[in-house]
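Thanks for coming, everyone. Let me put the structure up, and then we'll walk through it together.

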Amino acid sequence: MTDNPSTLLTVQNLKKHFKIRRGFPKSVTYSVKAVDGVSFDIYAKEAFGLAGESGCGKSTVGRCILRLIEPDAGQVALAETDVLGLDKKGLRKMRKKMQIIFQDPYSSLNPRRTIGQTLAEPMRVHRLCPKREIPERVKGLLKNVGLSENAVNKYPHEFSGGQRQRVGIARALLFNPKLIVADEAVSALDVSIQMQILQLLQELKETHGLSYLFISHDLAVVRHFCQRVAIMYLGKFVELGTVSQIFDDPLHPYTTTLRNASPIPDPEIEQHFSQLKGEVPSPISPPQGCHFHPRCPKEKLVCSRQAPVWTELEDGRGVACHLYT
Ligand code: SF4
């Protein structure tokens, strides 16, 4: 985080509830609160992590910000532009400033097109540069992400997973975005390749002035790459703070257990592993009060009756837990 960070993205009280039908022959409609009122800022040139177990709603947050899924309520502002209030034309323009990198770039690449064709088409459609300059721009992009010029004529299946992710990053960079949502961008890669891609993302952050919403279930990766992080559980934030606050001195019992379950690759540090008891409750009928109370080692009487409110603490972090309110 910079000393005087300027805010790039502001998200306030974002909500996305999905309706699902269950049962036969009489079906009942349930509401799944995938995202239930999350608020945060991302500073310019910051990597902001969003972590939590699978199904906690973190990917839905990223997609709602980009309006790949329309949120039900809340506000999203990118450099003071109201993203949720934009019409189709305005949204198309705004999307150039916000791009996404997926976990599996293979499924988002057309197998019948060479990488050169894949990267050139948006340049042509959006008239990013004169036609004759497109081949050079494509080569420049590939070079930026560490791929050789030969990649232009290759098809997606000819690349390794790491190389395909580099193509995904090149595609995200096409429009010189300000913010990239990296949704489990390195989760499917081997550890050695993960480090290469993280290093590339870090270099691009510095050279292109990028900010990231870095979504991952892998706490070690979040700790390595991000400056601040929010921990999510069943659609809500339970704790938000700097990486050192969250990983060195977690407050929320869920953050503590997650941290303790994640190995630290340092032989000097003695680690006490702990396991979360029980399964993640069904988001169709989350527990009353604090959603975490059936699994919490520090549960109090009030926890099953009343949901904790979000509290900003003096050290700048936020937490939702009755132990701190
Ligand atoms: Fe545990 Fe209660 Fe805090 Fe929830 S509110 S995390 S149950 S102590």
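Start with helix 1. The buried residues here are K58, T60, V61, G62, C64 and I65. Buried means under 20% relative accessible area, exposed means over 50%, and partly exposed is in between, with a 1.4 Å probe and protein chains only. Helices are DSSP runs of H or I with at least four residues, strands are runs of E with at least two, and both are numbered from the N terminus.

Before I go on, a word on the source. This is a predicted model, where local features need pLDDT of at least 70, side-chain atom pairs count only at pLDDT 80 or more, and totals for chains, interfaces and linings use all residues. Residues are numbered from 1 along each chain as its sequence is written, and side-chain values use heavy atoms, with hydrogens and water left out.

Back to helix 1. Because 6 of its 8 residues are buried, helix 1 is largely enclosed by the rest of the structure. Just after helix 1 comes R67, with a positive phi of about 60°.

Now the packing. Contact means heavy atoms within 4.5 Å.

Next, strand 3. Is strand 3 enclosed or open? 5 of its 5 residues are buried, so strand 3 is largely enclosed by the rest of the structure. A47, G49 and A51 point one way, while F48 and L50 point the other way. In a regular strand the side chains alternate between the two faces of the sheet.

Look at the partners of strand 3. With strand 9, residues 228-233, strand 3 pairs in the parallel sense over 4 bridges. There, G49 has V229 as its bridge partner, and F48 has R228. With strand 8, the pairing is again in the parallel sense, over 5 bridges. A47 stands opposite Y212 in strand 8.

Now some single residues. N176 sits in the loop between helix 5 and strand 7. Its phi is positive, about 50°, although N176 is not a glycine. Is N176 buried or exposed? It counts as exposed, at 54% relative accessibility.

E184 is in the loop between strand 7 and helix 6. Phi of E184 is near 50°, again positive in a residue other than glycine. But E184 counts as buried, at 9% relative accessibility.

H322 is in the segment after strand 12. At 9% relative accessibility, H322 is buried. What lies 2.6 Å from a polar atom of the H322 side chain? The backbone oxygen of Q306. Leaving out residues up to four places away in sequence, H322 touches K300, V302, C303, Q306, A307 and P308.

One more: K139, in helix 4, residues 134-144. K139 is partly exposed, with a relative accessible area of 28%. It touches E149 and V152, again not counting residues up to four places away in sequence.

Last, the whole chain. It has 9 helices and 12 strands. Buried residues make up 47% of the 325 residues. Among contacts with a separation of 6 or more, 63% are between residues 24 or more positions apart. Along its principal axes, the C-alpha trace spans about 70 × 55 × 45 Å.

That's the tour. Questions, please.

Technical notes: Two strands pair if DSSP finds at least two bridges between them. A polar contact is a pair of N or O atoms within 3.5 Å; within protein, one must be able to donate a hydrogen and the other to accept it, and residues adjacent in sequence count only if both atoms are side-chain atoms.
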